[in-house]
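Please open the model in your viewer and keep the selection panel at hand.

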Amino acid sequence: KKYIAEPFKIKAVEPIAMTTKQQRIAAIKEAGYNTFLLKSKDVYIDLLTDSGTSAMSDNQWAGLMIGDEAYAGSKNFYNLEAAVRNVYGFKYVVPTHQGRGAENLLSQIMIKKGDYVPGNMYFTTTRLHQELNGGTFVDVIIDEAHNSELEVPFKGDVDLNKFQRLIDQVGPEKIPYICVAVTVNLAGGQPVSMKNLKEVKELASKYGIKIMFDATRCVENAFYIKEREDGYQDKSIAAILKEMMSYADGCTMSGKKDCLVNIGGFLAMNDEDLYLQASQLVVVYEGMPSYGGLAGRDMEAMARGIYESIDEDYIKHRIYQVRYLGDRLIENGVPVVRPIGGHAVFLDAKKFLPHVPQDNFPAQALAAELYIHSGVRSMERGIVSAGRDKEGKNYYPKLELVRLTIPRRVYTYSHMDVVAEACIDLYQQRDSIKGLKITYEPPVLRFFTSRFEPL
Ligand SMILES: CC1=C(O)/C(=C\N=C(/C)C(=O)O)C(COP(=O)(O)O)=CN1
């Protein structure tokens, strides 16, 4: 069987209900045509994000019951520290409430005004924290990543020439670290090859430039290496992951993805001085270095989730379920980012709605229409998410996408069929979909709270 069955049986259920089209039209209007502003009760199948939306296991729920809520030195912290050491191999870990908590600490510690931070495609919060600390993000991903239909096995790879060019242009002393995302969310959940990680490490080390991973979906990345890279087919996910992380000096982690928890994150590193600085700063924003904005029970759940995330059956099903949805859409000619990524299927809104110019927010319009049509919630990952540059001008990303993000261990293949049918129906009616105009825009990360109206 190509798509393996769910490697779990259901022990608890959370009922979901379909709404009427009238209810959905009223709801999306009230939400300003922004799926982020919909109420969960009005959503049938929620594919907004895989962040914090996964199902925990009975083992993790049991862990919640042994939360050591001591203010300092919680038992659960030491379990988390051991899990990070055992699974990723980093020496030190500072818990944070979620990924951007770690991004805040890392950016404040390592970036000084006028620095440049190269990375394989931008991510919204990551780039913002770099900019807030006076850094400039420079995209060094391979060109192919910006082309939705190229079937490149490791589209997340860093272009070493772009990295070298930046070093030559600004000098290594202006580059505190390169941020390598494994996988690359906005390229469509695209992986980085082990070969490329080794080469990036070699190049960076030559100039004393650190490598920090954004490890948010690192286990999915490990699966692609096992599946696609010579020499890794017979290695365990655990061994591949360990080798991947050995090429990094540290990582920021949003535990809300691959660590299978609803809240949590951390900054991990090998450098004692960085650990000392992170421990000094974490108390300002998150709390003691032994809890970093998390309850003991949440650290326990994350420690257990880290071990569960490298289970071969779990990760194989996770990837295959996403691929199942992607394959359905590809078979029906619906334009999606290829190859299918690890955590989501990305509709290519530029190809889906060629008659809607990017200034009229095609991905935002498509996400709203998909919700009205089917109650399925997705996320805009296009010009709205890209935001504005320092001069206030819109970024125009090549990729104008609607992300159908699959939570881990939550939905079944039948739900994927519902989503596929909705997208295929909509594709057949695509000419009737109009663009939007923006009616409210916040100063930063506008995609979270902007409001729109149909043109
Ligand atoms: C690659 C990457 C992310 O995808 C990420 C958050 N992603 C969200 C919320 C998403 O919906 O993709 C973050 C921020 O993590 P946080 O949402 O603060 O736990 C960092 N890196």
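Begin with Tyr33, which sits in the loop between helix H1 (21-30) and strand S1 (45-46). Helices (H or I, at least four residues) and strands (E, at least two) are DSSP runs, numbered from the N terminus. The model is predicted, and local features need pLDDT of at least 70, side-chain atom pairs count only at pLDDT 80 or more, and totals for chains, interfaces and linings use all residues. Residues are numbered from 1 along each chain as its sequence is written, and side-chain values use heavy atoms, with hydrogens and water left out.

**Backbone features**

Stay on Tyr33 and inspect its backbone: although Tyr33 is not a glycine, its phi is positive, at about 55°. Is Tyr33 buried or exposed? Tyr33 counts as buried because its relative accessibility is 10%; buried means under 20% relative accessible area, exposed over 50%, and partly exposed in between (1.4 Å probe, protein chains only).

Next select Arg409, in the loop between S12 and helix H16 (413-428). Arg409 is likewise not a glycine, and its phi is positive at about 65°. With a relative accessible area of 18%, Arg409 is buried.

Now move to Val182 and Thr183, which are joined by a cis peptide bond with omega about 0°. Thr183 belongs to the loop between S5 and helix H7 (194-206). A cis peptide bond also joins Arg338 and Pro339, where omega is about -15°. The loop that holds Pro339 runs between helix H12 (312-331) and strand S9 (344-348).

**The ligand**

Select the ligand and the residues around it. Which residues are closest to the ligand? The shell holds 17 residues, and the closest are Thr49, Arg100, Asp214, Ser254 and Arg403; a residue belongs to this shell if one of its heavy atoms lies within 4 Å of the ligand. By class, two of the shell residues are nonpolar, eight are polar and seven are charged. In this classification Ala, Val, Leu, Ile, Met, Phe, Trp, Tyr, Cys and Pro count as nonpolar, Asp, Glu, Lys and Arg as charged, and the others, Gly among them, as polar. Helix H4 (residues 99-110) contributes the most to the shell, with three residues.

Display the distances from the ligand to individual side chains. For Thr49, a polar side-chain atom lies 2.7 Å from an oxygen atom of the ligand. For Thr216, an N or O atom of the side chain is 3.5 Å from a nitrogen atom of the ligand. For Ser254, a polar side-chain atom lies 2.7 Å from an oxygen atom of the ligand. Taken alone, the ligand exposes 470 Å², and the protein buries 94% of that; these areas come from the Shrake-Rupley method with a 1.4 Å probe, and for residues only the protein chains shown count as cover.

Remain on Ser254, which is found in strand S7 (residues 250-254). Ser254 counts as buried because its relative accessibility is 5%.

**Pocket and cavity**

On a 1 Å grid over the protein atoms alone, a cavity is a set of points where a 1.4 Å probe fits but cannot get out, and a pocket is an open set with protein on both sides within 12 Å along at least five of seven lines; lining residues have an atom within 4 Å of a point. Grid points are joined across faces, edges and corners, and a volume is the space filled by probe spheres set on the points.

Finally, select the lining of the largest cavity: Glu103, Leu106, Ser107, Thr126, Gln130, Tyr177, Cys179, Met212, Phe213 and Thr252. The largest cavity holds about 50 Å³ of space. H4 gives the most to this lining, with three residues. By class, the cavity lining has five nonpolar, four polar and one charged residues.

Key:
A polar contact is a pair of N or O atoms within 3.5 Å; within protein, one must be able to donate a hydrogen and the other to accept it, and residues adjacent in sequence count only if both atoms are side-chain atoms.
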